[in-house]
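Dear colleague,

Please find below the structure that I am handing over to you.

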Amino acid sequence: MTAPDTGGRAPAADAAAALLRRLVSRGVRDLVVAPGSRSQALALVAAELERRGRADVHVRIDERVAGFTALGVGRETRVPAVVICTSGTAVANLLPAVLEAHHAGVPLLLLTADRPPELRGVGANQATRQPGMFSAYVRFEADLPVPELVDDVDGEQSAALAAVADAAFDAAMGAGNRAAGPVHLNLPYREPLSGVLPGWLTDAAASVVGAEVTAEAPDEMWGAHYQGGGGIGAADLPDDPAVAAPLPRGPRTVVIAGADAGAGAEELAHVGGFPLIAEIVSGARFGRHLVHGYRHLLSDDALGGRIERAVVFGHPTLSREVTRLLSRSDVEVWAIRGPGEPLNLNGSTTAVDAVSVPAGDADREWLGAWMRASREHAVDLSPAAPDADALASTVPAERMSALSAELGAIRTPLDRAGLVDAVWRASWPHDRLLFGSSRLVRVADQLLGGKKVPVHANRGLAGIDGTIATGMGIAVAAQRGSSPGVTRVLLGDLAFLHDVGALLLPPAEGEPRIQVIVGNDGGGTIFDGLEVHDVASPEAFDRVFFTPQTARLEELARAYGWEYTRVTTRGALDQALTAPVGGRQIIEVPLAR
């Protein structure tokens, strides 16, 4: 029997074109491709969209890296990036990024190619149960039907695919779920897996497919369903006070800003006259009411012990002192709804969309007590200024003493405090700063002062995986801005090694301006501060917790085509941070355990 002549067309190609073109028309700009056989039609359509200037394609050979790269793009732009991957274990490698996107409320779109239904559960190669793989964590999912070859590529099938694209994009952005998050479309294809792209895709003047189809079509055709999100992603105070819950005056109140809290936390503290306890990853660590040394003060009975009410923005994760405060039954906790699981550590937390502060005098005595204590705990980590008078002295002994002191300061070995301070001081509003879930972020949280800097961190689940890939996603998205700065990723050596595959960048892709700063203390010193350090034998502790490593980071950097700098003093680090060489740079800072 002779196969019908299709003119080189394939159902997979027509369907991939209809789906991706609609997503791009809705605002998707970034397509992250992990190459594979079953997804070849999607990849070729992505390449064509990039050729026509309608999308940016980022190719990653590791699906876990691809997922976190897309997560980084979504973090920076608040618009979902698309991940395209093949079937089998490739799909499972997306789970860590999906979990983080779910808990942190980051938009993300997964397009996973699959075997057709007749090849599922029969021992076919690279076939597993992909539908429902992420059910507990996605805002919307659908297992689409196998596309058919149709005479009219602008017809019913394309319109239906456009409709499911609409539903997926809207769900990823938070429509109907109160929170942005991940979405999964599973796409089964039969051979041939690629073919000639439809003419309307390559025609720049082609109309948008399926614009008239409503987003209800997927529910009717494919049994797609939504998963509810945890809350709205933005935490800013609303312009319309009618939608905000009034926050009565009276109780002694603090504002808590956790990860991704945003400027709304600082605004509430300013308007209400409340002390502001802001984690370094909150995006709210600035302003006149910022509390320095908050961990010590929360443990002080005269301050932390007298708190009666806490208003929480974002997801606090960096200190046990905040966790204890929010778990107290005698503290009234108001939590601004955010992405992921709702906060309710004390079992009686009040969840609200936003708050407003009624007119009335602030508790100046309460605020004043916190601000006086805050000043006492502020830490000045800036390098000592040279003694200009002594350096200019005509007395040789004075001048030599000043020169010796200045040289000594320049040559002082770096510690963790000096490292985080140098990175913080080098970063400005046009830059981006990503903290890895390493010991360094806790040091930064304890010591650094206020500064309005765009900060990112994967604190949804606070894992160390995907940190470099997330930074690369942030960097490529930030690079498109009108005045792009440098994206800096600050992390420990184990977090670096955990994601070393993310260093690979195809030569065809432009280099973003990114610095990966690695505090290398030879292992997992974050465990030194945990209970296990006091109960385990030194041998057992080092073997299964500290996990000493002797990897040569310089050789890794060179192998992946990155510029490499090793610095041991504050002066050298300051110079490396502010005078970057090349687009991609690894800065290694050796640290004592």
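Predicted model: local features only at pLDDT ≥ 70, side-chain atom pairs only at ≥ 80, totals over all residues.

Residues are numbered from 1 along each chain as its sequence is written, and side-chain values use heavy atoms, with hydrogens and water left out.

**The chain**

The chain has 22 helices and 20 strands; these are DSSP runs numbered from the N terminus, with helices being H or I of at least four residues and strands being E of at least two. Of the 593 residues in the chain, 51% are buried (buried means under 20% relative accessible area, exposed over 50% and partly exposed in between, with a 1.4 Å probe and protein chains only). Among the contacts in the chain with a separation of 6 or more, 76% are between residues 24 or more positions apart, where contact means heavy atoms within 4.5 Å.

Two packed helices are described by the angle between their axes and the distance between the axes. Axes here are lines fitted to C-alpha atoms, for helices over the stretch in contact, and angles run from 0 to 180 degrees between N-to-C directions.

Helix α1 (residues 11-26) and helix α2 (residues 40-51) have axes that come within 9 Å and cross at roughly 45 degrees. The two helices are therefore oblique to each other (under 35 degrees counts as roughly parallel, over 145 as roughly antiparallel, 65 to 115 as roughly perpendicular and the rest as oblique). The crossing of α1 and α2 is right-handed, a crossing being right-handed if the near helix is turned clockwise from the far one by less than a right angle, and left-handed if anticlockwise. On the α1 side the contact is made by Ala12, Ala13, Ala16, Ala17, Leu20 and Val24, and on the α2 side by Ala41, Leu42, Val45, Ala46 and Leu49. By class, these are 11 nonpolar, no polar and no charged residues (nonpolar: Ala, Val, Leu, Ile, Met, Phe, Trp, Tyr, Cys and Pro; charged: Asp, Glu, Lys and Arg; polar: the others, Gly among them).

Helix α1 also packs with helix α6 (residues 156-173): their axes come within 8 Å and cross at roughly 40 degrees. This pair, α1 and α6, is therefore oblique, and its crossing is right-handed. Ala15, Ala18, Leu19, Arg22, Leu23 and Arg26 of α1 meet Ser158, Leu161, Ala162, Val164, Ala165, Asp166, Phe169 and Asp170 of α6. The contact of α1 with α6 comprises 9 nonpolar, 1 polar and 4 charged residues.

**Backbone geometry**

Most residues other than glycine have a negative phi, and most peptide bonds are trans. Glu191 and Pro192 are joined by a cis peptide bond, with omega at about 0 degrees; Pro192 is in the loop between β6 (182-188) and α7 (199-202).

Gln126, although not a glycine, has a positive phi of about 55 degrees. Gln126 sits in the loop between β4 (108-114) and β5 (140-143) and is partly exposed, at 39% relative accessibility. Ala462 likewise has a positive phi, near 60 degrees. Its loop runs between β16 (455-457) and α17 (467-478), and Ala462 is partly exposed with a relative accessible area of 28%.

**Aromatic rings**

A search of the whole structure finds 3 aromatic pairs (rings of Phe, Tyr and Trp, the last by its six-membered ring, pair if their centres lie within 6.5 Å; planes under 30 degrees apart count as stacked, over 60 as edge-to-face and the rest as tilted). Phe541 and Phe545 are stacked, because their ring centres are 5.8 Å apart and their planes are at 25 degrees. These two residues are 4 residues apart in helix α20 (residues 538-546), so about one helical turn separates them. Phe541 is buried at 3% relative accessibility, whereas Phe545 is partly exposed at 28%. Ring pairs link Phe527, Phe541 and Phe545 into a cluster.

**Two loop residues**

Pro454 is in the loop between α16 (439-447) and β16 and is partly exposed at 24% relative accessibility. Leaving aside neighbours within four places in sequence, Pro454 is in contact with Trp428, Pro429, Asp431, Arg432 and Leu433. Pro454 and Leu433 are 21 residues apart in sequence and 6.4 Å apart in space, C-alpha to C-alpha.

Ser438 is in the loop between β15 (432-435) and α16 and is buried, with a relative accessible area of 9%.

Yours sincerely
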